[in-house]
Structures are given as structure tokens and as C-alpha cells.
Amino acid sequence: MRIDNDLYQRVLGEELRKLRRRRGWTRKELNQHLQSDISLQTLATYELGTRQCSVVRLVELCLAMDELPQDLLARVHRRVFADEPGKVRLDLPRIVADDRVELMPLRRWAEDRLRQPAAPREVRLDRAALSWMAQLCGLTVPDLLERLHAISGVEDD
């Protein structure tokens, strides 16, 4: 497996920016919660993925935002190595376990997939398949995506 350094840095930066924004902080406010003195420009380049940060610096950033570094890196890893652009990842057992009435067609489909020999527990749907699933469930694609995010924290590109 080869690592695309630029992609990894960009995704790491995006995840750091999302984390900061979820806290409702500006870069200046984040900087006030850090142990070390980091320029706002340096923080910006981390978030843009144009500058690498050391492991210690990454841990410092995560802890300042009440995030476990391993959780942040797990999200980055999933996005870089598991997600395919334009596809949505579905955790079939979680879909089967969900009891929302409107998702019954999706639940039946997931149950059928899991019954197949050597069935994967996770699948990726492209936009056409997602649109078809949304129609079966009587939902719009954004509504279906919202429900899928709630079920298993899926991320789409």
C-alpha cells in the first residue's frame, strides 16, 4: 500500500479544521488553548495540508480541542484508505439493526446482502445506487444520507 503524502496531509488538515470549527473557535482562539506558541499562519498551513506537523504538535492540537489523537487519525485513515470518491460507505449490520420504518427497504436489502456466503459487512454505494435506494425508501438523497450518517457515521465524498 502506497501513501499519497499530499492527500494524507490535505485530509488531516480538513479534519483539524472541522474539529476546530465544531468547537466554534477561530484559529486565534485555538491558539490561546495551546501549550506552545504557534503562529496563526502555521495553524492555517496545517489546516490547508500544506505543512506537516510533528506527532507532538498533532497531539497538542487534538488535546486542546478535547479530541483523542487516535480518533482523529482513524478518521483520516478511513478517508484516505477506505473511502472511494463519489461513494458512500454503509455498515450493513448497523443498517439491519436500525428500526426506522422508512428504511425498511434498505434494511431488507442489507439483510439479503449479509446472508450471502462470505458477504462483506461493509459496502460502498455510488450516487446512482444511493439515488435508487432513496427512491425505494421514499426519501430524497440528502434525507437518506442524513439517516445513514445517524446510523453509522458514514461519510460521503
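User: How far apart are glutamate 60 and arginine 57 in helix α4?
Analyst: They are 3 residues apart, which puts about one helical turn between them. An α-helix has 3.6 residues a turn, so residues three or four places apart point the same way. Helices here are DSSP runs of H or I with at least four residues, strands are runs of E with at least two, and both are numbered from the N terminus.

User: What should I know about the model and numbering first?
Analyst: This is a predicted model, where local features need pLDDT of at least 70 and side-chain atom pairs count only at pLDDT 80 or more, while totals for chains, interfaces and linings use all residues. Residues are numbered from 1 along each chain as its sequence is written, and side-chain values use heavy atoms, with hydrogens and water left out.

User: Back to that pair. What do glutamate 60 and arginine 57 form?
Analyst: A salt bridge, with the closest N and O atoms 3.7 Å apart. The term means a side-chain nitrogen of Lys or Arg within 4 Å of a carboxyl oxygen of Asp or Glu.

User: Is glutamate 60 buried or exposed?
Analyst: Glutamate 60 counts as buried because its relative accessibility is 12%. Buried is under 20% relative accessible area, exposed is over 50%, and partly exposed lies in between (1.4 Å probe, protein chains only).

User: How many salt bridges does that rule give?
Analyst: The count comes to 13. Among them is arginine 75 with glutamate 67, at 2.7 Å from N to O. Both of those residues are buried.

User: And what does glutamate 122 pair with?
Analyst: Arginine 124, with the closest N and O atoms 3.3 Å apart in a salt bridge. Glutamate 122 is partly exposed, at 32% relative accessible area. Arginine 124 is partly exposed at 27%. As for shared partners, salt bridges join Glu15, Lys18, Glu67 and Arg75 into one network.

User: Now helix packing. At what angle do α1 and α3 pack?
Analyst: About 120°, with their axes 5 Å apart. Axes are lines fitted to C-alpha atoms, for helices over the stretch in contact, and angles run from 0 to 180 degrees between N-to-C directions. The two helices are therefore oblique to each other. Under 35 degrees counts as roughly parallel, over 145 as roughly antiparallel, 65 to 115 as roughly perpendicular, and the rest as oblique.

User: Which residues meet there?
Analyst: From α1, Arg10, Gly13, Glu14, Leu16, Arg17 and Arg20; from α3, Tyr46, Glu47 and Leu48. Contact means heavy atoms within 4.5 Å.

User: Which residues of α3 are buried?
Analyst: In α3 (residues 40-48), Thr42, Leu43, Ala44, Thr45, Tyr46 and Glu47 are buried. The buried residues of α3 pack against α1 (5-22), α2 (27-32) and α4. Glycine 49 follows α3, with a positive phi near 80°.

User: What about phi at aspartate 66 and at alanine 118?
Analyst: Aspartate 66 has a positive phi near 55°, though it is not a glycine. Aspartate 66 lies in the loop between α4 and α5 (69-82) and is exposed at 60%. Alanine 118 has a positive phi of about 55°. Alanine 118 is in the loop between α7 and β2 (122-126) and is exposed at 81%.

User: How do α7 and α8 cross?
Analyst: The axes of α7 (residues 104-115) and α8 (residues 127-137) come within 7 Å and cross at roughly 125°. That makes α7 oblique to α8. Pro105, Leu106 and Trp109 of α7 contact Met133, Leu136 and Cys137 of α8.

User: Last one. Where is leucine 139, and what is leucine 139 in contact with?
Analyst: Leucine 139 is in the loop between α8 and α9 (141-152). Leucine 139 is buried, at 16% relative accessibility. Leaving aside neighbours within four places in sequence, leucine 139 contacts Glu102, Leu103, Ala134, Leu144 and Arg147.
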